[in-house]
Amino acid sequence: MKIRKYQPSDCRELTELFYNTVHIVNAKDYTEEQLNVWASGKVDLEKWNQSLQEHFSIVAVDNETIVGFGDIDDTGYLDRLFVHAKYQRKGIATAICEQLEQAVPGKIITHASITARPFFEKRGYRVFKEQQVERQGVFLTNFVMIKEGEK
């Protein structure tokens, strides 16, 4: 597996990985209705590409297949971190997260799903608050989590 910078040609594959990961991996913690509003399958590729280009965005590749990706902005907001359902628990999220955390000095904030919370807690993040996020009239629980940067 290698990790490289995001390229615009990756965008469609990343949106498919996002959709499939949410609907498979997060299914144990969220209802079908919640999964459908979180990852509807209808994405604005232009918006995704713009966001990924504005952030420090990386992808993990194994034999030409994208198996994970993540991005962080320059304020330390870790926006997305997703690993292909068939590649879970192989250290890919850890490898991506380490590079994202090193890209921005200081405190890092993420909005972690119920599913991702234990992963971030193991990395030293603490829950700042639990919140309900509304999407199309449906509420999803997630956690604002913070990792203090090196002083």
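Modeller: A search of the whole structure finds nine salt bridges, a salt bridge being a side-chain nitrogen of Lys or Arg within 4 Å of a carboxyl oxygen of Asp or Glu. The model is a predicted one, in which local features need pLDDT of at least 70 and side-chain atom pairs count only at pLDDT 80 or more, while totals for chains, interfaces and linings use all residues. Residues are numbered from 1 along each chain as its sequence is written, and side-chain values use heavy atoms, with hydrogens and water left out.

One of the salt bridges joins Arg123 to Glu98, with the closest N and O atoms 4.0 Å apart. Glu98 belongs to helix α4, whereas Arg123 sits in the loop between α5 (117-122) and β6, so the pair ties together parts that are 25 residues apart in sequence. Helices (H or I, at least four residues) and strands (E, at least two) are DSSP runs, numbered from the N terminus.

β4 (residues 77-83) and β5 (residues 108-113) pair in the parallel sense over two bridges; two strands pair if DSSP finds at least two bridges between them. Tyr77 has Ile109 of β5 as its bridge partner, and Leu78 stands opposite Thr110 in β5.

On to the next strands. β5 is joined by six bridges to β7 (residues 138-147), and these two strands run antiparallel. Here Ser113 stands opposite Asn142 in β7. Nine bridges join β7 to β6, again antiparallel, and Glu134 has Phe139 of β7 as its bridge partner. The hairpin of β6 and β7 has two residues between the strands, and Gln136 takes a positive phi near 50°.

These strands belong to an open sheet of seven strands with mixed pairing, in the order β1-β2-β3-β4-β5-β7-β6. β1 (2-5) and β6 (126-135) stand at the edges with a single partner strand each, so one side of each is left without a neighbour in the sheet.

Helix α1 (residues 11-25) lies across β2 (56-62), β3 (65-72) and β4, at about 90° to β3. Helix α3 (residues 45-54) packs on the sheet, touching β2, β3 and β4, and its direction makes about 115° with that of β4. Axes are lines fitted to C-alpha atoms, for helices over the stretch in contact (heavy atoms within 4.5 Å), and angles run from 0 to 180 degrees between N-to-C directions. The axes of α1 and α3 come within 10 Å and cross at roughly 100°. The two helices are therefore roughly perpendicular to each other, a term for angles of 65 to 115 degrees.

Definitions and conventions
Angles under 35 degrees count as roughly parallel, over 145 as roughly antiparallel, 65 to 115 as roughly perpendicular and the rest as oblique.
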